[in-house]
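Dear colleague,

I am passing on the structure below for you to look over, and my notes on it follow directly after.

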Amino acid sequence: MPGPAIEIESLTKDYPTGFLHLKTKRSLENLSMQVGEGEAFGFLGPNGAGKSTTIKLLMGIIFPTSGSAKILGRPITDVEMHKDIGYLPEQPYFYDYLTAAELLDYFARFFGMNAAERKERVAKMLKKVGLETAGKIQLRKYSKGMLQRVGLAQAILHDPKVVILDEPMSGLDPIGRREVRDIILELKSEGKTVLFSTHILTDAEMLCDKVGVIVGGKLQGVGRPDEIVGMKSHEMEIVFDADANDARSAAVRAKASKFGSRYAMRVPEGNVFAALEELRAAGAKLAAVSPIKPTLEEYFLHLVEKDRAQASAIEVSGK
Amino acid sequence: MTRIAAVAWNTFREAVRDRVLYNLVFFALLLIAASILVGQISIGIETIVLVSLGLSATSVIGLLIAVFTGVGLVSKEIEKRTLYALLSKPLQRWEFLVGKFGGLVLTLAVNTAAMAAGLLLAILYVKHPLERGDATAFIAVYFILLKLAIVVALALLFSCFTSQLLAILFTAGLYIAGLFISEMRNLDATRVGPAARHFFTAISYLLPNFQNFDVMAAAAHGRPVPGLLILHNTLYATLYCAIVLSAASVVFGRKSLK
C-alpha cells in the first residue's frame, strides 16, 4: 500500500485582524489528514471554509500558527521539495507583460532545464492545455479561462509527483472544465498525487478517490465519496404501482410522489416492513426497494447548515 | 545563482516592457537642448554647466526610478498575487529578493550607462578633444549608480513590511538624511547638548552616507578623484546593500502573504 504523499498534522492558522492586529480570526483549526500516494483527493467546502488557507500553508505562502505538514516525507518549510510539486493558485494572475510561452520558459528555469528542454517542455504544455496558438500573445490579453489554463500548464510544467490545484475549474466554460477533468484523470493515471479544492461536487464525485469536507475551518469528514455520503443513509425508497381509481390505495398514494406511471415513497429504515405490509394491504404492486444514498451535495449542505446553526448558537449564547 | 539570475532578468524585462527606459528620451532631449544653449549663454564654462546638468539629471532620474520602482518590487507581486506561483517553485525567498534587487540595479545600470554615453556625446559637441580630467564625470556616474543601488536596497527593505506610500516616504527620508552625514557628526554640543550630539553621531554611522558619493564639483571642474575613494565607495555600497538585503530577507522570510 502506498504511503502518504501529503501528511497534515494539527494544522492551525490564525489571521490577525483589527487596526493594530491585536485580535485574531481562526481560519483553520487543528486540521489533520493524509493524502495517499497516487490518490486524487478532493478538498470540498464553501467559500471561506479554509481550503485555500490549507493549500497556501502547504505551499509555504503563509505560515501556520501551529501544527506541521509534510509532502513526500519532507517538511513544507523545505523549498527544495517544490521540485516535485506543482501548484495552481486560486484565480491565478501572472506577469501580464509576458506571453504564455515566456512565462512558462521563465518558470522552467527554476527547475534547471536547459534551453532545448525548456523549449520542448513549453510547447508540450501549451498544447496540453489548448493554448498552442495563443502562446505568443501577452497574458494581459488573456481571458480568465485562458489564464486558468496557463496556470495549469505552469503547475505541471516540470512533471511533478504531487499536483496541488486550488479551484482548477474556476472561470472555465464547460469545454474547459472537461479538459481540466481530463488532465486530472491523466495525471491520476500517470500515478501522480492530485489534491484539488473545489466546490463543484460533481467534479469531486467524478474524479476523486477520496474527499475531505471542510466547513468553518474544521475538517468534517474524510473518505471515499460513496463512503462519506453513505454514513448518513438512513432512509429507504419504495417504488410501487397502484391503481389510481382504487380507493384502498388512496392512503399510500397520498404519502408517495408520482413519477411517470409509478409511485415512490421514502420511509425510515426501521419502518420498511410496516410500509410493505401497508402496500400489500392496499393492493399495490411492489416494483423496487432501495436505500437512499444522499448525494455528496446533500451531505455537504447538511454540514454547512450544521456549522451555521452552531455558529449562530454560539453567537446567541455569547450575547 | 541561476534562480537569482532568472528573477533578475525577468525584473529587467518588466522594467523595459513597462517603458521605464523611456526616460532616456527626456534625458536626450534635455542634453541636446543644453548643448545648444550653453554655447550661447556660458562662454568658457560650457563643460562645467553641461557636466553639472547631465550628472544632476542622471542622479534625479535614477533616484525616481530607484524609489518608485523599488518600493513596488515586492509589494506589487504580493498585491497582484504573481508571487504565489513563483514561490511554489524551488526558489528561496531571499533568492527572490536578491534577484529583484539585481534586476532593478541592472535596469539602472543600463539607464545610467545610456545617460553617460549621451553626456559624452554632449561634451564632445561643445569641446574636443577631451582632456584627462573629463574622465571624472564618468567616475561620478559610477558613484551615482552605487548610490542608486543603496536606495534600491532600502526601498526593497521597506516594501517588505509596509505600504508603498510609507516605503516611498521612508526611503526618501533616509536618502535626504544621508546627504547630511557630516553635519550630523559636527553638531555643536554647546548648542544642541551632549546627548543630542551623541545621538546624531551614532545615527550618522547607521544611515547611508551619500555625501561620499557626491563628486559632482570635481567632475564639473575636471579634477581627479582619488583611487582610494573609488575603492572605498565600492566596498561601502556593497557592504551596505548586503546588510540591508539581509535584513529584508529576514523580514520577508517570515512574512505570511495575503
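The contact between the two chains draws on 22 residues from chain A and 20 residues from chain B, and please keep in mind throughout that this is a predicted model. On the side of chain B that touches chain A, the elements that contribute two or more residues are helix 1 (2-17) and helix 5 (82-87) of chain B, and helix 1 of chain B gives the most, with 6 residues. Sorted by class, that side of chain B holds 7 charged, 7 nonpolar and 6 polar residues.

As for chain B itself, there are 13 helices and 0 strands, so that, if you read along the sequence, the pattern is α-α-α-α-α-α-α-α-α-α-α-α-α. Taken along the principal axes, the C-alpha atoms of chain B fill a box of roughly 60 × 55 × 30 Å. Of the 258 residues in chain B, 41% are buried, and among the contacts in chain B with a separation of 6 or more, 85% are made by residues 24 or more positions apart.

Turning to chain A, the domain assignment gives domain 1 (4-230) and domain 2 (235-291), and the C-alpha centres of these two domains of chain A lie 48 Å apart.

With best regards

Technical notes
Residues numbered from 1 in each chain as written. Chains lettered and ligands numbered in written order. Predicted model: local features only at pLDDT ≥ 70, side-chain atom pairs only at ≥ 80, totals over all residues. Contact = placed C-beta atoms within 7 Å. Helix = DSSP H or I, 4+ residues; strand = E, 2+ residues; numbered from the N terminus. Nonpolar A, V, L, I, M, F, W, Y, C, P; charged D, E, K, R; others polar. Domains from an automatic or database assignment. Buried ≥ 20, exposed ≤ 12 C-beta atoms within 10 Å, placed from the backbone.
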